[in-house]
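Here's a quick briefing to read with the model open beside you.

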Amino acid sequence: MTQLLLFNVTNGLIIGAFYVLMALGLSLILNLSNVINFAHGGFLVIGGYIAYTLTPYVGFWGGLLIAPPLTAAIGFAVERVLIRPLYGRDPLYSLLLTFGLAFIIEDGTRFFWGAQGKPVTVPAFLATPLSYDFFFITGYRLFMVTVVVLTVALLFLFLRYTKLGVRIRAGTLDLETVAALGINIRMLRSINFAAGIFLAGLSGVLAAGQLGLEPTMGTGLLMPSFIAIIVGGVGSLTGTLLGGLLIGVASGVTAMFFPAASEAVMYVLMAVVLLVRPRGLLGEEGMLT
Amino acid sequence: MSNPFSSITADRRSVLKGAAAVGAMQIATPFVIPVRAADNIKMGMVDPLTGVYAAPAGNEVMGAKLAVEKINAKGGILGRQVELLVEDSANDVGTGVQKARKLIERDNVNFIIGDVNSGIAAAIAQVTAEKKVLHVVSGGHTDTITGKDCHWNVYRVCNTTRMEANSVSDLLYNKYGKKWHFITPDYAFGHTLYDACAANLKKLGGTVTGNELTPLGTTDFSPYLIKARAAKPDVLLLLVQGSDMINCLKQIVQFGLDKQIHVAGTQQELESLAGLPPEARIGIWMFEWYWKQPNVPHVAEFVADIRKVNGGKVPTARHWFGYTSAMTFALVANQQKTLDAVKLAQALSDFELPPEVKLQPNKVYYRKGDHQLMTSAFIGEAVSKGKDDPEDLFKVDSVVAGDKTAPPVADTGCTVKWPA
């Protein structure tokens, strides 16, 4: 029993790492632009399909390198054309826009690539378990976790040490003052949105290696990411990280004892956090509206 | 600003509203608005064109459209042209029922086809019975539809879960072993399929080591697979379908479980095998119809017709379900020369499908006692890569007639009550 529990906790951490990648992208966009991006799952799917389309020409690794920036470029264009006109209005406008965009992306992928799932093969040396006992830790899953850790570290360094990162952080605190200092906040928002979508695209390529690539793939992964943000605390990227790992472990462990509640436990966790600590685990008091 | 990952402002209430809207997204659906003429015969079709069953549902619709084209080319039904009105149930029971009511009450359809999802098919059957509309369930497998909840107006093309279980249980027991562990989708289809398999296993003298009920649309199967392996079964039976089947099989192979436990199941579909990488196309399964039947009349013609409208791809069992469902209405109505639902439903009892519709070697007919189509089971093994055709992903070992896999009518629990 102890071994089984240990297995599930480890497994939950691996799954949680994936939620973290999704949720960090969402969180970046939400924090600076106050846009709740419902189309994030859709961008994940676009990333997966771009990689699938490129793989015959550039291989898996080429797809992994090219698809996320291409997805980010699409995100950049979407922000400039569709989302930018809605800044300054009630957040409900952008919420509804991205809600509709999610449907358009889902039907668009169905139109271009078909409703039927597409087979995605990962390099053979990654597609095997590392040991007989810990069979659920495959080379690919370990690679996924490594990519997440590296991405989180790079994101941290970017926000901490680059001029652009410092401006994004400053903008999330007080955008008006940042604008008053002569910084082009329109471009800042566009770049930040594209960075969030880059993470969605990266999640899509990684997910396609492990799950079936099909137009609805993003919908099932979007909700845990939202919950990760709420549990961790809106406004805190560290909280998002913690929230993602927590719900991954909670879901994995619950599936062991009571599978029917493995999804519900995420919502229970969210409800408990909201009741006990409404600002989330690492959300800062007074920072929320 | 010492910690760049903190002190960022945002709106928690908006996020909460957003989270609620993501939930709503699961059931919201675009509308399909067809063009129609007043004096046409109308067939209504309700299928989940969005969601996890979008691929099989789309194929059923494509098959039904081909049937309508052929029916119209031969003069339609009672000399009138036929039109197909398609609605998306969005894989949601409430939406499916609402769409069926809309088709019957507003569009005045003469017949109804649908749904892929068993739960929705069963719910729609209640509506069509209440409204006295002849209904063919194309792809919902749960036993009760032609079992204890059968209706005088409801016939079914696809197999029952009991038929599916009966087609492979003996083979799996004899070839793979007596300890079975199940991965089962947690809704009507999965429950009845599991019950049928478990009952067969008990009769054969085997044991169930566990049954993992997984929510529809599960993406990560690893917690269930960890439990399954710990139970040390001989066979891991996957009863999940659609994208769940793809995710589950893909993860099983990545974990190397197929090297330790036999992996198999009951119903497998070409849509799922095509969506899997070659290394994950494994196991013994049953197909409900298969496109490669070299010596069976009219099959090649059907395959060629579907290839024309399907981007060159071959038909799956789902195409055949849709095709047969629509053809059934035309065949029986033209034979009886009426559109009266009660008369047509009575005429369908023991109605045998002609070779150009049945597209398989055995006798295929709607059984009188429970209104279930006695259609064959194509039993065999998944193959990683097709030899002559990249879509030939299943090696059929035997084709067993429907009345050999179906339980006797007395065991189905169905008593058809005809209207006075």
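In this predicted model, helix H1 (residues 2-33) of chain A passes H8(A) in a right-handed crossing. The axes of H1(A) and helix H8 (residues 217-232) of chain A come within 8 Å and cross at roughly 70°. Angles of 65 to 115 degrees count as roughly perpendicular, so H1(A) and H8(A) get that label.

**Helix packing in chain A**

- On the H1(A) side, the contact with H8(A) is made by A:Tyr19, A:Val20, A:Met22, A:Ala23, A:Leu26 and A:Ser27.
- H8(A) answers with A:Leu221, A:Pro224, A:Ser225, A:Ala228 and A:Ile229.
- Sorted by class, the residues of this H1(A)–H8(A) contact come out as nine nonpolar, two polar and no charged.
- Another pair to look at is helix H9 (residues 237-257) and helix H10 (residues 264-276) of chain A, which pack at an angle of about 130° with their axes 8 Å apart.
- That angle makes H9(A) oblique to H10(A).
- H9(A) also passes H10(A) in a right-handed crossing.
- Here A:Leu246, A:Ile247, A:Ala250, A:Ser251 and A:Thr254 in H9(A) meet A:Val265, A:Met266 and A:Leu269 in H10(A).

**How confident is the prediction for chain A?**

- Chain A has a mean pLDDT of 89, and 98% of its residues reach 70 or more.
- Among the elements of chain A, H1(A) has the lowest mean pLDDT, at 86.
- At the other end, helix H2 (residues 40-83) of chain A has the highest, at 96.

**The parallel sheet in chain B**

- Chain B has an open sheet of four strands in the order S7-S6-S8-S9, with parallel pairing.
- Its edge strands are strand S7 (207-214) and strand S9 (262-265) of chain B, each pairing on one side only.
- From one strand to the next, the twist in this sheet averages 20°.
- To pick out one pairing, strand S8 (residues 235-238) of chain B runs parallel to S9(B), with four bridges between them.
- B:Leu237 stands opposite B:Ala264 in S9(B).
- Helix H6 (residues 188-204) of chain B lies across strand S6 (179-185), S7 and S8 of chain B, and runs at about 170° to S6(B).
- Helix H7 (residues 222-230) of chain B packs on the sheet too, touching S6, S7 and S8 of chain B.
- The direction of H7(B) makes about 175° with that of S7(B).

**The antiparallel sheet in chain B**

- There's also an open sheet of three strands in chain B, ordered S10-S11-S12 with antiparallel pairing.
- S10 and S12 of chain B stand at the edges with a single partner strand each, so one side of each has no neighbour in the sheet.
- The twist in this sheet averages 30° from one strand to the next.
- Strand S10 (residues 284-287) and strand S11 (residues 377-382) of chain B are joined by four bridges.
- S11(B) then pairs with strand S12 (residues 394-400) of chain B over six bridges.
- B:Ala382 stands opposite B:Phe394 in S12(B).
- Helix H5 (residues 161-176) of chain B lies across S10, S11 and S12 of chain B, running at about 150° to S10(B).

**Where the chains meet**

- How many residues of each chain take part? 54 residues of chain B are in contact with 70 residues of chain A.
- On the chain B side, the elements that give two or more residues are helix H1 (12-25), helix H2 (54-73), S7, H7, helix H8 (242-254) and helix H9 (270-274) of chain B.
- H1(B) supplies the largest share of that side, nine residues.
- By class, the side of chain B that touches chain A has 28 nonpolar, 17 polar and nine charged residues.

Technical notes: Residues are numbered from 1 along each chain as its sequence is written. Chains are lettered from A and ligands numbered from 1 in the order in which they are written. This is a predicted model: local features need pLDDT of at least 70, side-chain atom pairs count only at pLDDT 80 or more; totals for chains, interfaces and linings use all residues. Axes are lines fitted to C-alpha atoms, for helices over the stretch in contact, and angles run from 0 to 180 degrees between N-to-C directions. Angles under 35 degrees count as roughly parallel, over 145 as roughly antiparallel, 65 to 115 as roughly perpendicular and the rest as oblique. A crossing is left-handed if the near helix is turned anticlockwise from the far one by less than a right angle, and right-handed if clockwise. Two residues are in contact if their C-beta atoms, placed from the backbone, lie within 7 Å. Two strands pair if DSSP finds at least two bridges between them. Ala, Val, Leu, Ile, Met, Phe, Trp, Tyr, Cys and Pro count as nonpolar, Asp, Glu, Lys and Arg as charged, and the others, Gly among them, as polar. pLDDT is the predictor's confidence in each residue, from 0 to 100.
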